Amino acid sequence: MSHTFLTPARRFALPALVVGCLLAGCSAAPTDDRVDGSRVASVQSPTTSATGRADVEDRRPLIPLDATNDEIEALRAVWGRCVAKEGGPGYEDGRSVIWRESQNDPKAKRVRAACRSTEPEFFEERQKRTDNAAFRDNQREWYQCAKKAGYRLTTPDEDGEFGITEVGPNGDFQSPKMTACRREAFSH
């Protein structure tokens with residue numbers, strides 16, 4: 001078995017080529033598609049890592065901070081169609097594949113992997129995955145804002161994530177005040 005080793009010149013040529021291509025605009029840019037007059041993120045062309053494999057996580061559609069419920073559902077519908085196509089009966093939408101995967105269904109794991117590039121990702125999820133320090137800072141800001149707004153909250157965990165201990169007059173995580181605090185904290 002023969003191994004090819006890169007010379008120092010070749011080791012630096014590949015990264016320089018990749019950087020040059022990115023600076024020149026060779027990568028796929030997100031688009032702003034319209035569905036029924038609403039803006040939604042679209043599935044982007046695959047990006048490749050230094051190993052040549054497409055990074056599925058970075059191709060997932062991003063749910064913006066200011067997305068409406070209709071926009072979120074439009075993104076989930078694309079994912080749901082993929083899940084239904086790949087999974088067949090019993091896999092009607094994305095939520096069904098998540099539930100089945102939590103039950104250790106091996107088919108669900110394969111279906112979810114096949115549709116991962118269409119599974120929408122909330123802004124906070126992406127930030128936690130790509131910049132955990134900023135995510136933690138934003139979580140702390142969100143917690144402080146929600147506390148000041150009168151929500152009864154659990155003690156934040158090490159990542160700053162928290163819950164509501166009691167749904168009072170302000171409502172739950174989908175309430176206008178909580179949504180405003182979330183958007184304010186994560187918009188920096």
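This is a predicted model: local features need pLDDT of at least 70, side-chain atom pairs count only at pLDDT 80 or more; totals for chains, interfaces and linings use all residues.
1. Overall make-up. The chain contains eight helices and six strands, and along the sequence these elements follow the pattern α-β-β-α-β-α-α-α-β-α-α-β-β-α. Of the 188 residues in the chain, 30% are buried. Among contacts with a separation of 6 or more, 46% are between residues 24 or more positions apart.

2. Just after helix 7 comes Gly150, which takes a positive phi of about 100°.

3. Helix 7, its two sides. The buried residues of this helix are Phe135, Asn138, Gln139, Trp142, Tyr143, Cys145 and Ala146. They cover an arc of only 165° around the axis, and therefore sit on the same side of helix 7. On the other side of helix 7, Ala133 and Lys148 are exposed. The cover over the buried residues includes helix 6 (123–130), strand 5 (152–153) and helix 8 (176–186).

4. Helix 4. In helix 4, which spans residues 94–102, the buried residues are Gly94, Ser96 and Val97. Viewed down the axis of helix 4, these buried residues fall within an arc of 160°, so they line one face of the helix. Helix 3 (69–87) and helix 5 (106–115) are included in what covers them. At the start of helix 4, Asp93 places a side-chain oxygen within 3.0 Å of the backbone nitrogen of Arg95, while the residue named after the helix, Asn104, has a positive phi, near 65°.

5. The largest pocket. The volume of the largest pocket is about 590 Å³. Its lining is made up of 22 residues, and those that lie nearest the centre of the pocket are Phe122, Glu124, Trp142, Gln174 and Arg182. Helix 3, helix 6, helix 7 and helix 8 are the elements that give two or more residues to this lining, and the largest share, four residues, comes from helix 3.

6. Glu119. This residue is found in the loop between helix 5 and strand 4 (121–122). Its relative accessibility is 5%, and because buried means under 20%, Glu119 counts as buried. When its neighbours within four places in sequence are left aside, Glu119 is in contact with Arg60, Pro61, Trp79, Ile98 and Arg112.

7. Arg152. Arg152 lies in strand 5, an element that is included in what covers the buried residues of helix 7. Arg152 itself has a relative accessible area of 51%, and because exposed means over 50%, the residue is classed as exposed. Leaving aside neighbours within four places in sequence, its contacts are with Gly163, Ile164, Thr165 and Glu166. For Arg152 and Glu166, a separation of 14 residues in sequence goes with a C-alpha to C-alpha distance of 6.0 Å in space.

Key
Residues are numbered from 1 along each chain as its sequence is written. Side-chain values use heavy atoms; hydrogens and water are left out. Buried means under 20% relative accessible area, exposed over 50%, partly exposed in between (1.4 Å probe, protein chains only). The arc is that of the directions from the helix axis to the C-beta atoms. Contact means heavy atoms within 4.5 Å. A polar contact is a pair of N or O atoms within 3.5 Å; within protein, one must be able to donate a hydrogen and the other to accept it, and residues adjacent in sequence count only if both atoms are side-chain atoms. On a 1 Å grid over the protein atoms alone, a cavity is a set of points where a 1.4 Å probe fits but cannot get out, and a pocket is an open set with protein on both sides within 12 Å along at least five of seven lines; lining residues have an atom within 4 Å of a point. Grid points are joined across faces, edges and corners, and a volume is the space filled by probe spheres set on the points.
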